[in-house]
Amino acid sequence: MTQLTAKELRHGFESKPQEVAHILGHALRDFGYPVTDDYVAQEAKRLLTGEAARGGPSLFLSRWLQYGIRDID
């Protein structure tokens, strides 16, 4: 089981945004969302500046950035 805290995710987006976007993009695609890694990186950047989630995959990202994520591989 892989687990990332919210703090680790936020730090990851600061230091290696494309790598973290790829990991989270893969998880979102597993849920059936047709998102690109670029979308994930831009949406996370927007959410990290305090903007609100816009539904769908944005809600997942928002929760992950707030509470962390478990069971990603």
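**Reading salt bridges, a buried serine and a nonpolar core**

Visitor: I see that Arg29 is partly exposed, with a relative accessible area of 31%. Which residue does the side chain of Arg29 meet in a salt bridge?

Guide: Before we start, keep in mind that this is a predicted model. To read a salt bridge, look for a side-chain nitrogen of Lys or Arg within 4 Å of a carboxyl oxygen of Asp or Glu. Here the partner of Arg29 is Asp37, at 3.0 Å from N to O.

Visitor: How many salt bridges does a search of the whole structure find?

Guide: The search turns up 4. Take Arg46 and Glu51: their side chains pair at 3.2 Å, N to O. Glu51 also makes a salt bridge with Arg54, this time at 4.0 Å.

Visitor: Which residues do salt bridges with shared partners join into one network?

Guide: That network takes in Glu43, Arg46, Glu51 and Arg54.

Visitor: Is Arg46 buried or exposed?

Guide: For this you need the cut-offs: under 20% relative accessible area is buried, and over 50% is exposed. Arg46 comes out at 11%, so it is buried. Glu51 has 39%, so it is partly exposed, while Arg54 has 61% and is therefore exposed.

Visitor: Now Ser58. Where does Ser58 lie?

Guide: Ser58 sits in helix H4, which covers residues 57-67. Its relative accessibility is 0%, so Ser58 counts as buried.

Visitor: What lies 3.1 Å from a polar atom of the side chain of Ser58?

Guide: The backbone nitrogen of Arg54 does. Leaving aside residues up to four places away in sequence, Ser58 also touches Tyr39, Glu43, Arg46, Leu47 and Ala53. Two of those, Glu43 and Arg46, belong to the salt-bridge network.

Visitor: On to the nonpolar side chains. What tends to happen to them in soluble globular proteins?

Guide: The general idea is that they tend to be buried together. In this model, the largest nonpolar core has 16 residues. Leu9, Phe13, Leu24, Val40, Leu61 and Trp64 have the most contacts inside that core.

Visitor: Which helices each supply at least two residues of this core?

Guide: Helices H1 (6-15), H2 (17-30), H3 (37-48) and H4 each do. H2 gives the most, with 5 residues.

Note on methods. Residues are numbered from 1 along each chain as its sequence is written. This is a predicted model: local features need pLDDT of at least 70, side-chain atom pairs count only at pLDDT 80 or more; totals for chains, interfaces and linings use all residues. Side-chain values use heavy atoms; hydrogens and water are left out. Buried means under 20% relative accessible area, exposed over 50%, partly exposed in between (1.4 Å probe, protein chains only). Helices (H or I, at least four residues) and strands (E, at least two) are DSSP runs, numbered from the N terminus. A polar contact is a pair of N or O atoms within 3.5 Å; within protein, one must be able to donate a hydrogen and the other to accept it, and residues adjacent in sequence count only if both atoms are side-chain atoms. Contact means heavy atoms within 4.5 Å. A nonpolar core is a set of buried Ala, Val, Leu, Ile, Met, Phe, Trp, Tyr and Cys residues joined through side-chain atoms within 4.5 Å.
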